[in-house]
Amino acid sequence: MTNPSLLILPGDGIGPEVMTEVRKIIDWFAAKRGVTFDVSEDLVGGCAYDKHGTPLHDDTMARAQEVDAVLLGAVGGPKYDSLDFSVKPERGLLRLRKEMDLFSNLRPAQCFDALADFSSLKKDVVAGLDIMIVRELTSGVYFGEPRGIFEEGNERVGINTQRYTESEIDRVARSAFELAMKRDKRLCSMEKANVMESGILWREVVTEVGKDYPEVELSHMYADAGAMQLTRWPKQFDVIVTDNLFGDLLSDLAAMLTGSLGMLPSASLGAPMDNGRPKALYEPVHGSAPDIAGTGQANPCACILSFAMALRYSFDMGEEASRVERAVEKVLADGIRTGDLLNEEGATPATTTQMGDAVVAALDASL
Ligand code: IPM
Ligand code: MG
């Protein structure tokens with residue numbers, strides 16, 4: 001049997017630093033669990049632009065289509081701010097999502113017990129929080145045509161188009177219902193059916209798909225009210241399904257409820273490949289954090305937990321995924337924390353390397 005293959009794209013900023021720590025976890029699995037991945041590494045984002053003049057080389061794109069899973073660090077940085085829109089680092093990520101057709105983006109917002117004090121909300125509002133946002137990732141206003149900046153009379157007009165087909169809504173809704181079935185069987189769909197036709201269609205299709213999942217309690221909310229409810233009492237939600245742009249906003253909001261952007265992983269899943277595994281890309285929710293890049297302060301947990309999601313969703317290794325998640329929890333509970341997870345005066349933050357090593361030690365202790 002061939003080993004499962006993994007393409008690692010560390011990207012820019014803190015991406016390479018946090019990915020170094022993930023490599024330790026991958027090595028640990030090979031050494032201690034007999035699970036060996038065929039790992040290859042390549043460029044995406046600004047570093048790819050520096051080398052190839054494009055944020056994603058065609059060869060890298062082709063490789064991403066072949067492997068069992070892609071693990072990405074982060075893209076972007078101030079150095080690339082003035083680049084033409086078409087070659088900005090973000091375009092590399094968006095191309096991966098679009099061409100791999102990764103329509104279902106899973107963004108868990110989970111509050112780790114040890115970090116409940118960290119939220120800007122009251123502790124009882126966030127303690128034990130465990131919600132999953134399913135964001136549509138390959139359509140909507142991010143990709144709809146027409147788009148561009150055009151001349152109209154004697155001024156310019158900027159245009160983007162919110163566009164959803166029934167089948168695009170259907171497939172992401174199904175993935176959200178499937179997830180809800182494995183969780184608390186509650187799904188809330190968010191759109192703006194009060195002002196947008198695409199929202200009306202969204203609501204109709206989600207309702208229709210819901211008939212195939214009678215056990216799931218389906219509710220609908222306007223996305224603005226959803227944002228308000230997320231900050232008021234987030235624990236009312238189990239799974240949320242929403243479009244690309246609302247999902248971008250709501251997932252940042254939900255992430256911050258947990259008080260620790262540096263802890264949150266994500267999975268972007270597409271249709272099953274010939275081997276039955278979904279096309280998949282895993283990445284931390286945080287960005288490239290150029291302000292701390294290269295200083296050894298970055299929190300590697302979100303990227304490590306993204307690898308755990310890969311174990312669960314691509315490699316059918318849910319037990320091993322939980323092992324990694326528990327190891328991270330143990331490290332936090334033991335008080336080993338990077339600077340983003342510390343608020344006491346005078347506390348010494350762990351470095352990126354120390355944090356990764358501590359997770360490896362916790363994995364050892366789990367055997
Ligand atoms: C995200 C990011 C991206 C997005 C950017 C980097 C293109 O904000 O993954 O949430 O807008 O989708
Ligand atoms: Mg975002």
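1. In the hairpin formed by strands E11 and E12, five residues lie between the strands, and Gly276 among the hairpin residues has a positive phi near 90 degrees. Helices (H or I, at least four residues) and strands (E, at least two) are DSSP runs, numbered from the N terminus. The model is predicted: local features need pLDDT of at least 70, side-chain atom pairs count only at pLDDT 80 or more, and totals for chains, interfaces and linings use all residues. Residues are numbered from 1 along each chain as its sequence is written, chains are lettered from A and ligands numbered from 1 in the order in which they are written, and side-chain values use heavy atoms, with hydrogens and water left out.

2. Two strands pair if DSSP finds at least two bridges between them. E11 (residues 265-272) and E12 run antiparallel and are joined by six bridges; Ala267 has Tyr282 of E12 as its bridge partner. Strand E3 (residues 69-74) pairs with E12 in the parallel sense, over two bridges, and Val70 has Leu281 of E12 as its bridge partner.

3. The burial of E12 deserves attention. Buried means under 20% relative accessible area, exposed over 50%, and partly exposed in between (1.4 Å probe, protein chains only). Strand E12 (residues 278-284) is mostly covered, with seven of its seven residues buried.

4. In soluble globular proteins, nonpolar side chains tend to be buried together.

5. Which residues does Met263 touch, not counting residues up to four places away in sequence? They are Phe112, Leu115, Asn299, Cys301, Ala302, Leu305, Val328, Leu332 and Leu341. Contact here means heavy atoms within 4.5 Å.

6. The whole structure contains seven aromatic pairs. Rings of Phe, Tyr and Trp (its six-membered ring) pair if their centres lie within 6.5 Å; planes under 30 degrees apart count as stacked, over 60 as edge-to-face and the rest as tilted. Tyr142 and Phe143 form a tilted pair, at 6.5 Å centre to centre and 45 degrees between the planes. Elsewhere, ring pairs link Trp28, Phe29, Phe37, Phe307 and Phe315 into a cluster.

7. A charge sits over a ring if NZ of Lys or CZ of Arg is within 6 Å of the ring centre and within 35 degrees of the ring normal. The charged end of Arg135 is over the ring of Tyr142, 5.2 Å from its centre, and Lys98 lies over the face of Phe143, at 4.8 Å from the ring centre. Tyr142 is partly exposed, at 21% relative accessibility, whereas Phe143 is buried, at 16%.

8. Ser5, in strand E1 (residues 5-11), is buried, with a relative accessible area of 13%. Leaving aside neighbours within four places in sequence, Ser5 is in contact with Asp38, Val67, Asp68, Ala69 and Phe315.

9. Glu145 and Pro146 are joined by a cis peptide bond, with omega about 0 degrees; Pro146 is in strand E6 (residues 144-152). Asp101 is a residue other than glycine with a positive phi, near 55 degrees; Asp101 is in the loop between helix H4 (89-99) and strand E4 (104-110) and is partly exposed, at 31% relative accessibility. Asp316 likewise has a positive phi near 55 degrees; Asp316 is in the loop between H10 and helix H11 (318-333) and is exposed, with a relative accessible area of 73%.
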